Amino acid sequence: MIVQAFAFYLFAGILTLSALMVITARNPVHSVLFLVLAFFNAAGLFVLLGAEFVAMILVIVYVGAVAVLFLFVVMMLDISFADLRRGAMQYVPIGLIIGAVLLTELVMIYGTWSFAPDKSKNLAAPVAAFVGDTNTEALGQVLYTNYIFAFQTAGLILFVAMIGAIVLTHRTRPGVRKQSVSDQQARNPADVLEIRKISSGTGA
Amino acid sequence: MIDFNLIPVLPEMFLAMAAMGLLVVGVAHGNSSTNVISWACVSALVIAACLLFGMSWERQVVLNGMFVFDNFAGYMKLLVILGLITALAISGRYLEILRMNRFEYPVLIVLAGIGMMLMISSNNLLSLYMGLELQSLSLYVLAAFNRNSLRAAEAGIKYFILGALSSGMLLFGTSLIYGYTGSIDYGVIGATLSGLTALPFGVIFGLVFILAGLAFKVSAVPFHMWTPDVYQGAPTSVTALFAIVPKVAAIALLMRLLFEPFAAAQGQWVQIVYFLSLASMVVGAFGAIAQTNLKRLFAYSSIGNMGYALIGIVAGTPEGAGAVILYMLIYMVMTAGVFAIIIGMRHDGIRANHISDLSGISATNPVLAYAMAIFMFSMSGIPPLAGFFGKLFIFQAAVAEQYYILATLGILTSVVAAFYYLKIVKVMFFDESVEPFEKDIPFARRVVLFVAVVFLLAFIFRPEAIVGSAQSAAASLFI
């Protein structure tokens with residue numbers, strides 16, 4: 001138990017600190033690196049909860065793909081973030097006021113709202129039937145059996161997104177020199193090479 | 001274990017396979033194959049319609065309760081397929097002239113069609129959202145399809161940003177519904193809410209957000225801002241598609257959502273839909289008066305027409321729902337005819353879409369002029385044309401439920417709307433001719449025009465066949 005508590009406070013503490021560094025670091029590359037650290041610690045928290053699949057996905061997808069993509073973007077775009085931030089401080093008071101108003105509204109409204117009495121019955125945990133399986137298996141059951149329809153439709157939506165990206169951005173440019181292997185293979189030295197004898201002292 | 005019966009999903013599955021297969025063919029053969037792919041898409045849609053006819057139209061809920069097929073779904077899907085076929089058929093020559101005839105165009109239309117059919121059959125807030133996004137994403141791409149036109153790009157961006165905003169609202173509403181009822185399944189939500197004396201505040205809040213999100217999709221006032229700009233900016237063939245089909249699907253979605261899971265909340269949503277309907281009719285009628293561009297004018301006209309269709313939903317009875325279905329069918333036919341004419345408007349190869357470009361075409365293109373006149377008379381609701389009956393049944397349903405104000409305002413605004421419809425007729429028949437249109441009308445467009453005119457004229461002779469089928473489709477929502 002004590003080891004678990006120690007691990008939790010370690011992960012949670014580093015997570016909070018690195019999240020703070022993400023938004024305060026002056027150098028955007030440092031921000032992204034702290035983001036990676038935050039993801040790793042969040043993955044650690046998931047492992048503590050027994051959700052090992054989500055932990056792995058977090059590392060693979062967010063650290064492996066998203067954060068690296070951020071890093072590429074930050075390094076390739078020459079944006080001075082200090083310039084973007086200049087003058088943002090003057091909006092802090094009004095932002096705080098609006099935030100406070102929204103918060104009081106939310107607290108007031110949520111305080112009086114009631115839930116439908118059947119709610120807890122409707123909310124039966126979808127994985128109840130899979131007790132004993134690892135949570136990778138349970139997720140697979142839910143995703144590919146119960147929600148196969150939504151899963152396949154999501155696939156179609158991504159398919160449309162891919163077509164759309166190609167339709168809207170891909171142009172065939174004339175005058176671009178592309179490598180064509182078959183053309184290269186078909187070249188005959190006799191057609192393209194000419195051997196001239198140049199006597200010394202004169203040009204070609 | 002879940003019921004893995006895929007028969008009711010067969011038309012959608014077939015269309016998805018066809019879209020993917022045709023895309024591969026297109027990639028292999030390049031843009032020269034666009035015409036072939038376009039007609040292949042039409043045949044795929046025809047086959048899907050045949051599959052629909054071959055299925056049992058009894059109510060079936062499959063795939064873990066996410067997908068429902070019943071009489072209503074079958075009827076609305078047939079309407080959608082019909083609209084898609086029309087939209088594809090009238091756009092062939094136009095795409096060639098604008099050098100937009102890329103093979104992705106028909107494939108995207110089929111994919112949008114799958115999205116619409118999934119919307120109609122959704123039985124779960126998750127499948128609702130999935131269908132809606134599939135449809136919207138395809139339509140965003142189509143709106144910006146003409147990359148060389150600044151206006152088309154603007155239309156695409158506007159449509160995309162506002163569509164994304166509305167999807168966000170819809171999702172927020174969905175999350176509230178899930179939070180306060182504990183389910184996203186239509187059946188479970190319906191059962192949970194019907195057992196309550198007072199609705200939880202959170203559910204009402206969620207319902208408001210969902211309705212706001214869907215009002216964007218049917219372009220009901222006050223969520224109509226995008227419509228005129230998108231209709232004007234998008235290529236005319238895409239505008240035709242926008243005007244003919246997606247609203248049928250969105251209205252069907254709205255009907256199922258309001259009559260099935262939220263039937264118990266009728267007292268709440270009636271107020272919202274009442275306002276949407278009233279505001280749409282007024283803005284649609286008065287907004288169109290000042291327009292000189294035909295595409296903008298029909299954008300406002302579609303806003304107004306959605307207002308009339310919503311009256312039938314406000315009535316909340318099977319008769320009202322049947323009237324909405326009938327209204328959407330007649331509106332679809334009229335719009336298809338109108339756009340079959342607008343899409344062909346050219347003077348010496350230059351595209352024209354202003355009202356003044358129609359002046360005096362009764363002398364130069366009498367057939368087009370008379371067809372357009374019939375569509376205009378029908379849209380303004382003059383008997384004995386079909387448009388009159390569409391409005392008549394809607395108002396009857398409203399009066400039967402004592403919504404006198406709504407019905408009266410509906411009649412008043414349709415009088416105002418008649419002004420601009422008849423103005424088009426006046427321009428065509430009594431103004432000096434500027435220059436003749438190009439005369440050759442492609443065969444497919446002739447067929448669409450002919451069928452639309454015959455439908456509008458002949459409706460009065462056999463109304464009971466169509467009205468009866470619409471009513472029985474609507475009745476399947478109220479069991």
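This is a predicted model: local features need pLDDT of at least 70, side-chain atom pairs count only at pLDDT 80 or more; totals for chains, interfaces and linings use all residues.
The cavities come first. The model contains four cavities of 30 Å³ or more. The largest cavity has a volume of about 150 Å³. Its lining is made up of 15 residues, and those closest to the centre are B:L139, B:Y159, B:F216, B:K217 and B:W226. Five helices of chain B each contribute at least two residues to this lining: α5 (125–143), α6 (150–181), α8 (201–217), α9 (226–233) and α11 (246–259).

Two helices of chain B, α14 (318–342) and α19 (443–458), are the elements that give two or more residues to the lining of the second largest cavity. This lining divides into eight nonpolar, two polar and five charged residues.

Attention now turns to chain A and its helix α7, which spans residues 135–146. The helix has twelve residues, and the distance from its first C-alpha to its last is 15 Å, close to the 16 Å expected at 1.5 Å a residue. Where do the buried residues of α7(A) lie around the axis? The residues concerned are A:A138, A:V142 and A:N146, which are buried, that is, under 20% relative accessible area. Because these residues cover an arc of only 35 degrees around the axis, they lie on the same side of α7(A). Among the elements that cover the buried residues of α7(A) is helix α8 (148–169) of chain A.

B:N305 belongs to helix α13, which comprises residues 294–315 of chain B. Is B:N305 buried or exposed? With a relative accessible area of 2%, B:N305 is buried, because the limit for a buried residue is under 20%. Which residues does B:N305 touch, when those up to four places away in sequence are not counted? The contacts of B:N305 are with B:Y327, B:Y331 and B:Y421.

Definitions and conventions
Residues are numbered from 1 along each chain as its sequence is written. Chains are lettered from A and ligands numbered from 1 in the order in which they are written. Side-chain values use heavy atoms; hydrogens and water are left out. On a 1 Å grid over the protein atoms alone, a cavity is a set of points where a 1.4 Å probe fits but cannot get out, and a pocket is an open set with protein on both sides within 12 Å along at least five of seven lines; lining residues have an atom within 4 Å of a point. Grid points are joined across faces, edges and corners, and a volume is the space filled by probe spheres set on the points. Helices (H or I, at least four residues) and strands (E, at least two) are DSSP runs, numbered from the N terminus. Ala, Val, Leu, Ile, Met, Phe, Trp, Tyr, Cys and Pro count as nonpolar, Asp, Glu, Lys and Arg as charged, and the others, Gly among them, as polar. The expected span of a helix is 1.5 Å times one less than its number of residues. Buried means under 20% relative accessible area, exposed over 50%, partly exposed in between (1.4 Å probe, protein chains only). The arc is that of the directions from the helix axis to the C-beta atoms. Contact means heavy atoms within 4.5 Å.
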